[in-house]
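The report below starts with one pair of residues and then widens to the whole chain.

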Amino acid sequence: MGQIKKASSALSKLFVYGALKYGQPSNSILANTGNGYANFWCRATTTQKLPLVIATRYNIPFLLNKPGVGYYVTGEIYEVDDRMLNSLDNLEDCQDIYTREKQDMNIGVGEGTVPCWVYLLQKYPEKLLSLPYLSGYENSSTHPYIMRHRRTHKHPAQDDLTFETAQN
């Protein structure tokens, strides 16, 4: 009995809003037990308005750390272990682009909030704020998400934030 409790106390909650969501291009990362443990917990929304934009030639969804701008963003909460967080930190170019920080997420009327890890873009070109803001991300043929292994090393994502995408 004591062991089960110990294992569950090591789990963290992670809010995903982009390509990691169920049915989206990178969800297989969460589904792959080789990366660690991840289990869908519930849908959720940010407790503050944040700008969610699609940027770079790879059409990557980014949540910009600029509270009060944009919309309340919908996403999913997963319970993850430290191994999965480490896998994601490596994948999410955490040092180069994102920072992972704790934020309260809204899990529904009367349910209150729950603190979750979330990957945010801290440093970004100001012009990303002129992109259209989304309240939720879905991969689309208009802005098809380019998987990491299909990106070119000539344009790493962190150098590509200034790339002008064609707005429709």
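Ala38 stands opposite Val80 in β5, in a model that is predicted, where local features need pLDDT of at least 70 and side-chain atom pairs count only at pLDDT 80 or more, while totals for chains, interfaces and linings use all residues. Residues are numbered from 1 along each chain as its sequence is written, and side-chain values use heavy atoms, with hydrogens and water left out.

Helices (H or I, at least four residues) and strands (E, at least two) are DSSP runs, numbered from the N terminus, and two strands pair if DSSP finds at least two bridges between them.

| Partner of β5 | Sense | Bridges |
|---|---|---|
| β1 (residues 12–16) | antiparallel | 5 bridges |
| β2 (residues 38–46) | antiparallel | 7 bridges |

Leu14 stands opposite Tyr78 in β5. Of the 7 residues in β5 (residues 74–80), 6 are buried, a word that means under 20% relative accessible area, with exposed over 50% and partly exposed in between (1.4 Å probe, protein chains only).

Helix α3 (residues 82–91) also has buried residues, namely Met84, Leu85, Ser87, Leu88 and Asp89, and among the elements that cover them are β1, β2, β5 and β6 (98–106).

The protein chain as a whole has 3 helices and 7 strands, and buried residues make up 43% of its 168 residues. Among contacts (heavy atoms within 4.5 Å) between residues at least 6 apart in sequence, 73% join residues at least 24 apart.
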